[in-house]
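User: I am new to this structure. Please take me through how some of its labels are reached.

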Amino acid sequence: MRYMMSYDLMETVRNTNQWLGATARAIGAYPAFAALPNPALQMMSAWGEVTERTFERMVAKPDWGIRTFTCEDGRDHLVNIEKVVERSFGDLIHFNVSGRKTQPRKILLVAPMSGHYATLLRSTVKSLLVNCEVYITDWHNARDIPVSAGKFDVEDYTLYLVDFMRELGPDTHVIAVCQPAPLTLAATAYLAEEDPKAQPASLTLIGGPIDPDATPTDVTDFGRRVTMGQLEEMMIQRVGFKYPGVGRMVYPGLLQLASFMSMNAEKHSKAFTDQIGRAARGEASDHDKHNRFYDEYLAVMDMTAEFYLSTVERIFKRGEIAKNIFTVNGKQVDIGKITTVAVKTVEGANDDISAPGQCVAALDLCTGLPNEKKASHVEPGAGHYGIFAGKSWRNNIRPLVLDFIDANSPPPPGKKAANKNQAA
């Protein structure tokens, strides 16, 4: 019961701060105070406005916000978000642009399950929608999944990816961002042995911890210092009575958010202080730069306890992917079995979460893949976020990834395959 009390206490603190913010905002905006031009009242109202929004966003799933798309005909076409595969812990969704002919590139974006929703890749999706059919994994918040749905660990995650790849077919190009990179590599290797015809055409791994020990960071150091017993004792809680997943053991998103914020505490503190000042001067707006970023950044989701703990133990501590000893349902997955799927890695030179060297290790594991089907790229000056959603992605990385996809796409029916040397 103490795990549940901890979860409810944390939710109570969040709810109280939201209420305090709303109260301060209402009092500061009370009409009677307009006759008393006191800057303190304006600051109180501004503090309340920022505080209320901050703590409210922590339990709200962001909307994709992709409603229309301007096509080559110059008209705005509606974008329908359709569920292709529905599962208890995550869905496969498709961004279907109404009235547009099917695009030749079919891309599966594997979104991270590391505390944020798949909407974190909103700008990535928008950039690919221009000339691609985009599918993405939409993971569910563990607090909303009843205990009767069962467990969900790294092996279940891998099998979900296997099913999604099978559903989309062999002409799919998979792009895995950050956390899912090692498990996506394992899912591809699983298909190579169990169902070769369902393998994707290419696999792009962006900033993922394939070999966390290749280049240590604060994240990997934390994984080494803390024992699994300490992690379970400190990080795992039981969902409280407020949500459908009551009783499920989870790693709460609010704890993950606290970890994120503590890594750059001074920067975040200054951002909120500046926003309060802008709100007091009437310069803040509902969709200004601060709110656009933090509405997404603060929206966190719970992970199942078994997924979080198995990720730390098997991917970071044991290094099962890096050592090629990862197993699914008791059977070892041999990454060397990948022989036809082209693999590309992308890293940011300034990435402090998954540092350069961790992701490119995937190419050494693909011992059965010819060199002409391997590629790697390190983006100068780019941090972790920039390699999949920032300026570096838009200007440099996206064109390189699309060129790699085109070079390794199966030829359309009736056309000859491209020259292998040229494609490589």
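**Labels and the values behind them**

Analyst: Thr-184 counts as buried, because its relative accessibility is 0% and buried means under 20%. The model is a predicted one.

User: Where is Thr-184 placed?

Analyst: Thr-184 is in helix α5, residues 181–194.

User: Which residues is Thr-184 in contact with, leaving aside neighbours within four places in sequence?

Analyst: They are Val-110, Leu-161, Met-165, Val-174, Ala-176 and Leu-203. Contact means heavy atoms within 4.5 Å.

User: What does the side chain of Thr-184 reach at 2.7 Å?

Analyst: The side chain of Thr-184 reaches the backbone oxygen of Pro-180. The distance is 2.7 Å, and the cut-off for a polar contact is 3.5 Å.

User: Why is Thr-215 called partly exposed?

Analyst: Thr-215 has a relative accessible area of 24%. Buried means under 20% and exposed means over 50%. The value falls in between, so Thr-215 is partly exposed.

User: Where does Thr-215 lie, and what does Thr-215 touch?

Analyst: Thr-215 lies in the loop between β7 (202–206) and α6 (218–225). Not counting residues up to four places away in sequence, Thr-215 touches Ala-355, Pro-356, Gly-357 and Gln-358. With Pro-356 there is a polar detail: its backbone oxygen lies 2.6 Å from a polar atom of the Thr-215 side chain.

User: Which residues of α2 and α9 meet?

Analyst: From α2 come Gln-42, Met-43, Ala-46, Trp-47, Glu-49, Val-50 and Thr-54. From α9 come Phe-272, Gln-275, Ile-276, Ala-279 and Ala-280. By class, eight are nonpolar, three polar and one charged.

User: Why are α4 and α11 called roughly perpendicular?

Analyst: Helix α4 (residues 154–168) and helix α11 (residues 305–317) pack at about 95°. That lies in the range 65 to 115 degrees, so α4 and α11 are roughly perpendicular. The contact is made by Val-154, Glu-155 and Tyr-157 of α4 with Phe-307, Ser-310, Thr-311 and Arg-314 of α11. Three of these residues are nonpolar, two polar and two charged.

Definitions and conventions
Residues are numbered from 1 along each chain as its sequence is written. This is a predicted model: local features need pLDDT of at least 70, side-chain atom pairs count only at pLDDT 80 or more; totals for chains, interfaces and linings use all residues. Side-chain values use heavy atoms; hydrogens and water are left out. Helices (H or I, at least four residues) and strands (E, at least two) are DSSP runs, numbered from the N terminus. Ala, Val, Leu, Ile, Met, Phe, Trp, Tyr, Cys and Pro count as nonpolar, Asp, Glu, Lys and Arg as charged, and the others, Gly among them, as polar. Buried means under 20% relative accessible area, exposed over 50%, partly exposed in between (1.4 Å probe, protein chains only). A polar contact is a pair of N or O atoms within 3.5 Å; within protein, one must be able to donate a hydrogen and the other to accept it, and residues adjacent in sequence count only if both atoms are side-chain atoms. Axes are lines fitted to C-alpha atoms, for helices over the stretch in contact, and angles run from 0 to 180 degrees between N-to-C directions. Angles under 35 degrees count as roughly parallel, over 145 as roughly antiparallel, 65 to 115 as roughly perpendicular and the rest as oblique.
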